[in-house]
Amino acid sequence: MSAFNAIGDEREIDRDEYTPGVEPQPTWCPGCGDFGVLKALKQALPEVGKTPEEVLTVTGIGCSGKLNSYLDTYGFHTIHGRSLPVARAAKLANPDLEVVAAGGDGDGYGIGGNHFIHSARENHDMTYIVFNNEIFGLTKGQTSPTSPKGHKSKTQPSGSAKTPLRPLSMSLNAGASYVARTAAVNPNQAKEIIKEAIEHDGFAHIDFLTQCPTWNKDARQYVPYIDVQESDDYDFDIHDRAEAAEMMRETEDVLNEGTVLTGRYYVEEDRPSYTQEKKAVGELPDQPLAERYFDDDTEWERSYDLLDRHK
Amino acid sequence: MLSEAFLLAGSKVRPNMAEDLNWAVGGEAGDGIDSTGKIFAQALSRAGRHVFTSKDFASRIRGGYTAYKIRTSVDNIQSVVDRLDILVALTQRTIDENLDELHEGSAIIYDGERSWEADIPEEMSAVDVPLKSLAEDAGGAIMRNIVALGAACEITGFDVEYLDEALEKRFGGKGSKIVENNKEAARLGQEYVEENYDLDLGYDLETTDNDYVLLNGNEAIGMGAIAAGCRFYAGYPITPATSIMEYLTGRIEEYGGHVVQAEDELSAINMALGGARAGARAMTATSGAGIDLMTETFGLVATSETPLVITDVQRSGPSTGMPTKQEQGDLNMALYGGHGEIPRFVVTPTSIDECFWKTIEAFNLAEKYQTPVFLVSDLAMSVTEQTFEPDAFNMDDVEIDRGKLVDEDEVDEWLDSQGRFRAHANTEDGVSPRAIPGTTDGAHMSTGLEHNELGRRTEEQDVRVQQVDKRNRKVETAKEQEEWDYREFGDEDADNLIISWGSNEGALVEALDYLEDDGVDVRVISVPYIFPRPDLSDEIAAAEETIVVECNATGQFADVIEHDVLERVKRINKYTGVRFKADELAEEITEKLSQEVPA
Ligand SMILES: Cc1ncc(C[n+]2csc(CCOP(=O)(O)OP(=O)(O)O)c2C)c(N)n1
Ligand code: SF4
Ligand SMILES: [Mg+2]
């Protein structure tokens with residue numbers, strides 16, 4: 001039994017429980033892809049048996065960062081780019097929590113890029129959803145790390161000179177153990193992928209294509225989309241790193257030509273998570289750090305022997 | 001500037017010189033200087049003698065002069081002085097670097113068989129010991145420093161047997177053969193000097209039955225953190241803060257805690273924040289450029305009302321500055337760092353034992369008031385090993401107060417009419433309840449955006465004002481409920497008042513002796529809290545002269561004091577990268593007292 005009574009609660013969960021009484025209506029623009037992420041997440045969480053109070057959602061700054069304002073869980077809206085360190089530490093302190101981090105492409109692949117690489121490398125057991133709209137939405141349409149080459153914006157009036165970052169390949173190379181891409185326009189696939197990501201034991205990264213009709217003037221609605229698992233045109237093994245890498249490259253290449261490929265790209269099931277690695281070497285206790293001394297009446301362990309070592 | 005006459009009269013020829021010994025070992029970085037010094041310090045401590053150490057070092061691991069200095073006495077000591085009596089010199093540079101501190105009674109131990117020819121001032125005793133050959137006789141050249149320690153024992157009349165326990169502690173893990181060889185090496189050094197030299201420098205180091213503990217400021221902070229219940233630490237290596245992380249690693253786990261090495265300081269502080277939000281007592285520590293990166297997160301810690309201890313072990317700046325040198329240059333950063341207005345506490349331990357207690361206090365303040373607490377120490381304290389009575393760290397006196405943490409039963413008292421948890425409830429004392437993720441009915445949003453009681457973002461003017469006032473009210477509550485006392489030394493009724501913060505306290509306390517000898521009456525106030533801080537108006541008004549002493553160039557604390565009392569104070573600032581020494585400080589104070597107060 002956890003000291004935190006919501007954890008492991010087996011009761012029936014109603015989807016509406018995830019809709020907060022305040023701010024039930026998101027303030028995203030009409031037609032914004034961000035609605036799709038919220039909807040898929042609200043469906044996925046009860047289906048994996050999580051109550052709102054055993055979930056912690058940590059977001060960065062951007063339109064995407066508003067996700068947890070519209071979701072009734074324990075929510076923490078942090079700083080631009082910093083959702084991952086906060087989220088993965090919360091998971092370390094209490095591995096019984098379901099931790100979901102989310103943010104934009106600028107947030108996660110730009111200003112927070114270093115944290116993304118290292119969180120994936122360390123394989124923390126958590127889900128990371130990147131709302132990839134290929135633009136800075138909140139700040140009104142500047143070029144983002146995933147904006148296509150040649151994309152024109154107020155900050156790049158003659159078109160971006162930079163080739164877009166490859167989110168899937170970067171994730172794979174950094175060490176994520178679950179990598180998928182889905183799109184707001186494909187709610188069923190999105191929900192299923194989120195469920196798989198949550199249930200995956202390790203760092204699960206979802207590059208979530210979210211159209212921004214307001215600022216991304218080249219905005220595609222990411223339709224038609226193709227599910228690489230369902231289409232007969234693609235055949236690769238998601239457990240094979242080399243095949244996954246090749247499929248990711250192709251997916252990233254064709255997106256800018258207008259072909260939207262989605263699906264699961266890489267799954268590594270038996271790679272131990274950071275928590276498992278640390279527990280195995282005795283550096284992380286079985287009892288969650290956060291539970292220690294949570295109870296007010298607990299006798300604090302006195303550290304006498306620490307002093308003895310200085311004699 | 002220090003007068004030559006004072007140095008000679010005031011310090012180098014002190015009457016109790018034979019009892020108050022200043023010893024050093026120096027050489028190239030990578031020569032094992034640090035561990036050699038530590039072994040000798042430990043032996044002295046085991047012999048019931050007080051020890052106060054200091055280090056001269058370059059930031060390079062290999063190459064560059066480095067020295068480990070020990071001052072030892074049967075009396076309590078808490079400062080370094082400008083005098084060196086026995087020097088183990090592995091290089092000529094070690095001698096050259098210390099010419100100012102050496103005097104006619106000094107003895108220099110060196111290895112005449114090494115390729116360099118020692119150039120030692122005539123008036124000093126040159127003790128040539130074949131360190132390397134004797135070490136080889138004992139089992140390996142690597143033990144040459146231990147041979148030197150044996151030689152030092154003979155010169156100082158210190159029983160070589162006291163080294164044994166320290167050698168066991170240092171090498172015990174490597175097997176009994178290694179320990180025995182080292183003991184033998186020490187004896188060969190001791191015997192060589194006994195047989196070949198007839199020195200009478202007057203040393204006969206007294207020993208006592210006292211049982212001391214020997215530790216440095218960073219170890220005291222680490223030990224304080226564990227004692228305070230810290231169970232999550234995130235950091236990124238940087239001198240001189242790293243040793244806190246290294247201390248915790250391997251120890252905190254025994255108490256069910258964990259240490260993470262983050263990818264950078266941006267991550268380190270945000271990880272500590274994440275751990276704290278999930279319910280663990282959490283801390284990060286850094287220095288120099290690391291605190292700059294962390295500054296980004298100070299505001300989020302405060303607005304989200306999360307308890308966090310942020311330790312800054314100051315080093316010389318700005319930029320990369322002098323990474324291994326002393327400075328107290330971060331006071332303004334601790335007080336004002338970050339955009340916007342951030343309610344915070346700034347705690348500045350004034351001695352190594354206080355590093356332990358103030359760390360515990362920092363954790364309690366953080367949780368009681370749910371805001372960042374800056375624990376600001378400095379390089380000098382972080383590398384100095386000092387002896388204490390074990391009672392100075394009495395674990396039974398440690399108290400833990402987790403503030404308004406609420407569990408599933410208490411949550412109900414804090415729900416609004418629609419059953420939503422008021423994580424930022426506008427209370428009278430400003431402190432709101434804190435529910436940890438996983439608690440039924442406690443779910444809430446928290447954000448760096450301005451928010452209402454529920455943690456939901458808002459820009460409504462009245463709510464904004466209410467929340468800003470509420471957060472600031474916590475500081476007002478703390479001002480009333482907590483003690484923000486200063487520490488006091490010297491003569492309470494003296495006309496001359498010296499104010500200091502942080503690690504200068506020890507040097508000032510010892511400077512009092514020198515000043516007393518010279519007939520100068522002084523009252524010393526040592527301030528361990530910079531925000532909130534004790535009101536010193538009455539003390540300053542009562543004094544004829546006030547001097548603020550600090551290790552920085554611009555007088556950051558003096559500025560704060562002048563602002564508080566609307567009066568000019570005198571200043572003593574040192575920014576050479578070296579801490580204050582008791583004797584030089586006494587001289588500077590005397591000189592300053594005779595000068596005009598600046599307009
Ligand atoms: C340190 C910092 N720099 C800049 C900003 C301004 N800013 C807010 S959101 C954002 C970019 C948002 O783009 P993205 O992360 O892709 O999120 P989106 O709005 O598209 O969902 C920027 C630059 C900030 N909040 N913090
Ligand atoms: S600006 Fe774009 S990303 Fe932001 S809410 Fe509007 S449509 Fe969505
Ligand atoms: Mg974006």
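Predicted model: local features only at pLDDT ≥ 70, side-chain atom pairs only at ≥ 80, totals over all residues.
**Notebook: a first look at two chains**

I started with one facing pair: A:Thr59 stands opposite A:His77 of strand E2(A). How do the two strands E1 and E2 of chain A run? I looked up strand E1 (residues 55–59) and strand E2 (residues 74–77) of chain A, and they are parallel, joined by 4 bridges.

**Entry: the sheet around them**

I found an open sheet of 9 strands, in the order E7(A)-E8(A)-E5(A)-E6(A)-E4(A)-E3(A)-E1(A)-E2(A)-E17(B), with mixed pairing. Which strands stand at its edges? I noted strand E7 (225–227) of chain A and strand E17 (445–447) of chain B there. Each has a single partner strand, so one side of each has no neighbour in the sheet.

**Entry: a domain record for chain A**

I checked UniProt: an unreviewed entry lists residues 61–208 of chain A as "domain: Thiamine pyrophosphate enzyme TPP-binding". In the model, the end C-alpha atoms of this span are 16 Å apart, and the span is 33% helix and 20% strand.

I found A:His124 in the loop between helix H4 (113–122) and E4 of chain A. Is A:His124 buried or exposed? The cut-off for buried is 20 or more other C-beta atoms within 10 Å. A:His124 has 26 C-beta neighbours inside 10 Å, so I logged this residue as buried. Setting aside neighbours within four places in sequence, I listed its contacts as A:Arg88, A:Lys91, A:Ser119, A:Phe203, A:Ser273 and A:Tyr274. A:Tyr274 is 150 residues away along the chain, yet its C-alpha atom and that of A:His124 are separated by 5.2 Å.

I also looked at helix H5 (residues 167–174) of chain A, where A:Pro167, A:Leu168, A:Met170, A:Ser171 and A:Leu172 are buried. After H5(A) comes A:Gly175, with a positive phi near 125°.

**Entry: over to chain B**

Chain B is divided into domain 1 (4–196), domain 2 (215–397), domain 3 (405–481) and domain 4 (487–593). I noted 41 Å between the C-alpha centres of domain 3 and domain 4 of chain B.

I then picked out strand E7 (residues 213–216) of chain B. B:Val213 and B:Leu215 on one side, and B:Leu214 and B:Asn216 on the other, are all buried, and both faces of E7(B) are covered. E7(B) pairs with strand E14 (residues 385–388) of chain B in the antiparallel sense, over 4 bridges. In this pairing, B:Val213 stands opposite B:Phe388.

I looked up helix H10 (residues 265–277) and helix H11 (residues 288–303) of chain B: their axes come within 8 Å and cross at roughly 35°. The crossing of H10(B) and H11(B) is right-handed. From H10(B), the residues that meet H11(B) include B:Leu266, B:Ile269 and B:Leu273; among those they face in H11(B) are B:Leu293, B:Met294 and B:Val301.

**Entry: where the chains touch**

How many residues does each chain bring to the contact? I noted 60 from chain B and 57 from chain A. On the side of chain B that touches chain A, several elements each supply at least two residues, including E7, H10, H11 and E17 of chain B. H10(B) gives the largest share of that side, 8 residues.

Technical notes:
Residues numbered from 1 in each chain as written. Chains lettered and ligands numbered in written order. UniProt positions renumbered as here; feature names shortened; annotations may be inferred. Domains from an automatic or database assignment. Buried ≥ 20, exposed ≤ 12 C-beta atoms within 10 Å, placed from the backbone. Pairing = 2+ DSSP bridges. Axes fitted to C-alpha atoms, helices over the stretch in contact; angles between N-to-C directions. Left-handed = near helix turned anticlockwise from the far one by under 90°. Contact = placed C-beta atoms within 7 Å.
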